[in-house]
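Hi,

Here is the structure I said I would pass on.

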Amino acid sequence: MTTTNRGVVFLLWAATMVATVAAQEVPPVERLAKAALLEARGELAAAEQELRAALAAAPESERAAIERALAALRQRSGGAVEPASSAPGRAVALAPTAADDPVVQRLVSDLELGTEVVESVKAAREQLQSLGALAVPALCARLPQLGPFGISNGIELLRGDDPAIVAVLVTLAERDAATARLVVDRMDRLPYGVARLLGERLVQPKFPVPVRTAALRLLAEHGAEPAQLKPVVQALLAEPAAHGTLVDVVRKLQVPWVGPMLVTLSASPNSWARAEALVARARLEPELSEQAFLAALATIEVAPMQRAQFARQVVRARPQWVEVACLGLPVAGGGDHAAYRAVEWWRQPHAAAAALLTQLERQRASHEKVFNEQDFDAILASLVEGGWRIAPEHEELLLRQARVGFSSYVIAGALPDEERALAFYARMGPQWYGAVGNVVHRGLPWHRLVVRALAALPRTDNGTAANLLTRDWNGVSDEVAAELTAVIAKWIAAEPSVVNRKPGLQSGSATTTSPWTPPLIAAVLERGLPTSVLMPLVEAGSESALMALAARDPVQALDAARPQHWRALAPVAQQHGLPRHVPQLLRAWRAEPRVNTAVSAVQANPVAEALLQALERCGRGSIELIELGTTGSAEHGIALVAAKGARIADLERLLKVLPGLDWGIIETANAALAGQLGPDHAPQLLAALDAILPAVAAAPQGVPRGHGAPGAIVQADCLLQHLDRLAVAAVGPRAARIVREAIGDPPLRERAGRVAFAHAGAQRGELLRACLADERASVVGIALQQLGGAEWATFADVATVAILRTGPLCSDLGKLFDGLDRDARTALALAVLGAPARRTFAPELLRLALGALTAGKDARHLAQIQALVDDPRPDVRRHVAAALGLTFDRAAAPLLLELLKDEDDGVVEVASAGLKRLADYLQTRSEWESKLK
């Protein structure tokens, strides 16, 4: 077991023994142990007291050992050895103390020979140090007689807590100011207990101020109570020379009376003390404002860098004082890193940014770093997010850092507007365009800046162009869009491979391959970029760009489409095609394969069907499409749909082309024109009618409309309608010519008759007579249709003759018969039924005549009716059976009974109905006659 361990065990045992001492008498051996413990603690007086108590209580056999222990303690503590005896009157001889030892005396004397570098002084110091506390009595006895070297060397050798040390040092301090200063300079080398007692003695007003301040500092460092220090501090407040130490002492005390004293010290004539007091107040007084601190600091007469040092000391305690942090930043060092990171820079962003950028520049020029590069990024980024933007006067600071690689993300956010940004980035350097990516990342609406960055790119295949294009372009001006369009055109010219042929596409089709084209197209489709920027790609043949253009501006896409693109654009044209796209649509439709040439077969090809619907939609009224009706049935449907929108602006061309078209197209086009025609168009219509009449006259007769009837006839009919609707009197003679010459088909002649008589005026009567006298039944029929009831009396004879002459072909006279009064109708009917050639008359004419005679439900004309009972035509016999049934005469019964034998079921059915009607009548009449008798 080592000596140290043995000592520890002994001390523990001794402590246990002391703790167990009770009120009863303590054995001497236990007191010896307690004395050893007390001496080890430095409590020499208490140890001596224990030994004396043990000596008094010890038996004779133990007294010698206790006396030796007591003598050794006295010698070690520097006290005189007292004689002791084992019995009253018996003395014990003790060894001499160190204070009387001539060797010790000589060693102390050698301390006067100089500093410790002198060999003899060094040897004396080492030997006295080896004696430890044994040398203290000799030193205390001789120090007052020694000179400066002796005192200086001797004080450092004082060990132990002997009060004699304190007494000697106080005596020395009282000698003169220089010695007092020497004493206080060595106070921190003294044992704790001695230093504390010495400090309490040296703070007395009788000592010089430096001595008192040094003693005050020592007391504060040795844990003296604030209440003990307060009077000393108050006494020293009147001494300006002590203010520096006072500030240093009181700012460490957490007691209320410190504040007022710091306020007092803030007015000290000592500039340094005043500044330190101000710093201490900033740390300890929450109510002190930043502006008050700065104002007070500005009044202190110190160098700027010293003022910065004072500000730096406050940063940790006041992180919200941004101006103070900025003031202290130039003198801050790496040890201030945490404090400066905690500063609330956002409170004063403009001042903070300027100071931080200056510090960044300073750090790059030196090795002292308060911040890491990441700290600058984080702090300035937070300022940007809080709304800070770089002031013009600080922009040069930011520019210098931007040139050497400062965060381009922070730079983009710090610039306040696009105009400043344009000027800033232009000054950054040759690769400024790379930093603009953070403008995109921040979503800033600086379209012009981004476009100019795109224009400055030396290459476009490294992703930079794509990144710059992938942004929100909403609000971009036409001017900037034009700039971007020029950039795209330049890229295409410089990179022929931007648009490459792609296998599998139709001939001439193209696809974009450059990495910037998909983002450009996406920007147009989704990010507000105008479609104009796609035009260089579209013009270069990019189908993907064209389809993107179609999604945003279908009409523009159709305008820009190449022939090979119309197939892909069929759905677009179907929805958005315009008349000007008709030629391209027609060309594309004709190029599409179909099952056959019939329009109805188009549905076998969806593209062809879409193109056809596009033609039908945007080709309404297109004269070019209407003219397709002359090419054959495959394009008849297109022409027919186009005719629905026929335009009056194309009238002249239409009048020339329509006669050569199918009747359906002609009628459709004329129906569309009807609402657009006006009196001003009458000359064109008349000229067209005059031009077409020769073709009408030369057309083959008897061909029904819808079965290849010449278009000239249908067109003439339409022209008559237009002129009639416009009340053009000049159309009358032309219509009369058609009637008189009986040209065209029946519908045309009927139209011409109505138009001719409507516009005949004073020549109406002459025209009627001429038509009635005509040998052609069609001409007569037209006149008869126009003959009104009021005119019958004048033309009755001529008209009756004409009817009898044309009876076999004269059928459509219902309007005539309805317009006559009863007598005139009866007379005409009798003339028809009494004519020798009645059996050749048209059944319809005979029906009208029979109906006129039976309108009165009597049998006065039964004989005329009976004359047709045996007519060979079943339909005539049906008319006769119906007429007989309407006579309600018994004499008609035999005739009806005979007709029941007719071979025509229709005749039998009508005769049966007539007999039933006649029988019901006769029965009902008989019943009523019987009742009335």
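A salt bridge here is a side-chain nitrogen of Lys or Arg within 4 Å of a carboxyl oxygen of Asp or Glu. By that rule, arginine 839 and aspartate 870 are joined through their side chains, at 2.4 Å from N to O. Before I go on, the ground rules: this is a predicted model, where local features need pLDDT of at least 70 and side-chain atom pairs count only at pLDDT 80 or more, while totals for chains, interfaces and linings use all residues. Residues are numbered from 1 along each chain as its sequence is written, and side-chain values use heavy atoms, with hydrogens and water left out.

Back to that pair. Arginine 839 sits in the loop between α49 (822-834) and α50 (843-853), and aspartate 870 in the loop between α51 (862-866) and α52 (874-885), so the bridge ties together parts that are 31 residues apart in sequence. (Helices are DSSP runs of H or I with at least four residues, strands are runs of E with at least two, and both are numbered from the N terminus.) Arginine 839 is partly exposed at 32% relative accessibility, whereas aspartate 870 is exposed at 53%. For those labels, buried means under 20% relative accessible area, exposed means over 50%, and partly exposed is in between, with a 1.4 Å probe and protein chains only.

Salt bridges that share partners also join Glu116, Arg125 and Glu156 into one network. How many salt bridges turn up in the whole structure? The search finds 41. One of them links glutamate 301 with arginine 274, with 2.8 Å between the closest N and O atoms. Glutamate 301 is in the loop between α17 (290-298) and α18 (304-314) and arginine 274 is in helix α16 (residues 271-284), so this pair ties together parts 27 residues apart in sequence. Glutamate 301 is exposed, at 58% relative accessible area, but arginine 274 is buried at 12%.

Another salt bridge brings together the side chains of glutamate 624 and arginine 653, at 3.9 Å from N to O. This pair links distant parts of the chain, 29 residues apart: glutamate 624 belongs to helix α37 (residues 623-626) and arginine 653 to helix α39 (residues 651-657). Both ends come out as partly exposed, glutamate 624 at 43% and arginine 653 at 37%.

Now for the chain as a whole. The protein chain has 54 helices and two strands. Of its 933 residues, 48% count as buried. Among contacts (heavy atoms within 4.5 Å) between residues at least 6 apart in sequence, 60% join residues at least 24 apart.

On to the rings. Eleven aromatic pairs were found in the whole structure. Tyrosine 340 and phenylalanine 371 make an edge-to-face one, 6.3 Å centre to centre with 85 degrees between the planes. Tyrosine 340 is in helix α20 (residues 337-341) and phenylalanine 371 in the loop between α21 (349-365) and α22 (373-385), 31 residues apart. The criterion is that rings of Phe, Tyr and Trp (its six-membered ring) pair if their centres lie within 6.5 Å; planes under 30 degrees apart count as stacked, over 60 as edge-to-face and the rest as tilted. Tyrosine 340 and phenylalanine 371 are both buried, and ring pairs link Tyr340, Trp345, Phe371 and Phe376 into a cluster.

What joins its side chain to that of arginine 125? A polar contact of 3.4 Å does (a pair of N or O atoms within 3.5 Å; within protein, one must be able to donate a hydrogen and the other to accept it, and residues adjacent in sequence count only if both atoms are side-chain atoms). Leaving out residues up to four places away in sequence, asparagine 153 touches Leu111, Gly114, Thr115, Glu116, Val121 and Arg125.

Last one: glycine 788 lies in the loop between α46 (777-786) and α47 (789-805) and is partly exposed at 27%. Its C-alpha is 9.7 Å from that of aspartate 818, 30 residues apart in sequence.

Cheers
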